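Here is a friendly walk through the side-chain contacts of one protein model. Have the structure open as you read.

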Amino acid sequence: MSGRVPTRAGRVWRGLRGPRPESVPVLVARACALVGLLDIAAGVFPRFRHSRMHALAEVLPGALGPFAAALSLSAGVLLLLLAHGLRRRKRRAWRAAVVLLPAGALAQFAYHHSLIGVLISLGLLWALLRHRGQFAALPDPRSRWRALANFVLMGAGSLALGLVIVSVHHGRMVGDPSWATRLTHVLYGLFGVDGPVDYKGSTSWTVAASLGALGLLTAVTTIYLAFRPEHPAARLTKDDERRLRALLERHGGRDSLGHFALRRDKAVVFSPSGKAAVTYRVVSGVMLASGDPIGDVEAWPGAIERFMDVARAHSWTPAVMGCSETGGEVWTRETGLDALELGDEAVVDVPDFSLAGRAMRNVRQMVTRVERAGYETRVRRVRDLGEAELERVRRAADDWRGTATERGFSMALGRVGDPADGDCLIATAHKAEAELGPYGDLKAVLHFVPWGTDGVSLDLMRRDRTADPGMNELLIVAALRAAPRFGITRVSLNFAMFRSALARGEKIGAGPVLRVWRGLLVFLSRWFQIESLYRFNAKFRPRWEPRFVVYRASADLPRIGVAAMRAEGFPDLAPPRVLRHRAAPSRPCAHGGSERDIRAA
């Protein structure tokens, strides 16, 4: 199954581990969350306001009175939102809490004359001031898209909570309104308008005030997020890219993923000497690096330390996807993080590649059949293609992508034919037909990025859905045959997740745990390309190079997994391409291909 990179016992993560100084922010955040939940309960459920729990809740910060349901509900929601920021040690959340808690103490005294409520507020305030140095995290990268996300999430939450508010007063309703009528009442109430549901006594005012408070909170938070100054995610500047290319010229042969550091939607930190760098992207509070650091191995620790400093400054969760065994050892040694084997990279040594022999019979027959069907191949450097042909290749690659958005992060460059990428290799398949398509006789494209001076790494695989099966085999074999002409001795193909588990689990003598793990991976392959990609890579008899994920704690792995999937382009929330274009959607593989391409092969 998966293996771990050994780490030194007793080491700590500089600045983020140690005697767990984050315990105070966590405790304060939990206190705020608990108070917020109690306030929401007091605002929503009328019976709660007469229970023993409410006797405690009404003296906590934010509870402005047993009958002020709307204010209690608003305070509860705000405290829950604030608790998330405090848990992540955000400076702005600390400032908001320092302002709100004294106000809460004054409200407690003014409405209740409650000394206990004042003491609780001032106690939390004292804890925040006493440990203010622990709340120093900078804001996350943001854009105005977050306003739309806030509107959708807060709107959905307000609708759900509003239905609860309307329904818990069932005993005081006039008649028995349907759920559709109640939902209509909630929608009207969020906009401050009386709805079709009537109540006896003062309950109508209580429900209307609570719904209005929810609608006001949704509107205010959305407007704030929409009009606050943007703080966009970092991108590679021209100077950053120039410095990275200089490092790759000297040290690019060490890691097959090095050239993917030039994706322009990544940020970069350099070592103090400038001889090494780490590129990353921040997704959902996870600071994701990919591959090994770029540059001189002796300077890697300086770049890694800068990376960790940035993670600490923003309270981001550090993680590395797809580093080599050497990279994993350096990361774990310098930071105290742990490493887990993620899968294997397929690398074909060009001098040893041949279609002869029984093991290569399937590939040999597939390539021969496609060639007899009239297909021909061309393998060239990007700089050797004319602009018109490059534009045709770009448009074809975009049209044949099969998904609404470009996918890839750790093993995809995200562009084809850029003038700065003249050393990239393009393999194309062509077939002369009576009627040429929108891209002429072009039927399939493979794009490779440089791996030092003597290697290339597969970036994307695209094919016309009307082309014959076997396009990928045809072009990979063509690239391997043409490699000596370009001085290429090694070719990195796709990355196969959990390859060792799949390979060992199918062998005779595999234990029950390994067989169950393999069975789960095969089952998941129905939705994620796991087994099919491994089988496709294995056709070319590669050597397997392990790749690792580096993480802080096991509890972070689910969050890192979700962030990595989002960075790679999953889930795709855009409409299926079948609704926008004649090409049907398909699941992409590593290096930008698609599962349909693999299956057709």
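Let's begin with Leu187, which is partly exposed at a relative accessible area of 37%. On this scale, buried means under 20% relative accessible area, exposed means over 50%, and partly exposed is what falls in between, with a 1.4 Å probe and protein chains only. You will find Leu187 in helix H7, residues 179–190. Helices (H or I, at least four residues) and strands (E, at least two) are DSSP runs, numbered from the N terminus.

## About the model

This is a predicted model, in which local features need pLDDT of at least 70 and side-chain atom pairs count only at pLDDT 80 or more, while totals for chains, interfaces and linings use all residues. Residues are numbered from 1 along each chain as its sequence is written, and side-chain values use heavy atoms, leaving out hydrogens and water.

## Salt bridges

How many salt bridges does the structure hold? There are 27 salt bridges, each one a side-chain nitrogen of Lys or Arg within 4 Å of a carboxyl oxygen of Asp or Glu. One of them pairs Arg245 with Glu241, with the closest N and O atoms 2.9 Å apart. These two residues are separated by about one helical turn, because they sit four residues apart in helix H9 (residues 238–251). Arg245 counts as buried at 18% relative accessibility, and Glu241 counts as buried at 10%. Both also belong to a network of salt bridges that links Glu241, Arg245, Arg264, Arg415, Asp418 and Asp421.

Another salt bridge joins Asp349 to Arg543, again with closest N and O atoms 2.9 Å apart. This pair links distant parts of the chain, 194 residues apart: Asp349 is in strand E6 (residues 338–349) and Arg543 in strand E12 (residues 543–551). Asp349 is partly exposed at 24%, and Arg543 is partly exposed at 31%. Arg380 and Glu389 form a salt bridge too, at 2.8 Å between the closest N and O atoms, and both residues are buried.

## Aromatic pairs

Rings of Phe, Tyr and Trp (its six-membered ring) pair if their centres lie within 6.5 Å; planes under 30 degrees apart count as stacked, over 60 as edge-to-face and the rest as tilted. By this rule the count is five aromatic pairs. Phe307 and Trp331 make an edge-to-face pair, 5.2 Å centre to centre with 85° between the planes. Phe307 lies in helix H10 (residues 300–314) and Trp331 in helix H11 (residues 325–335), so the pair ties together parts that are 24 residues apart in sequence. Both Phe307 and Trp331 are buried.

Trp400 and Tyr439 form an edge-to-face pair as well, 5.7 Å centre to centre and 85° between the planes. Trp400 is buried at 4% relative accessible area, and Tyr439 counts as buried at 10%.
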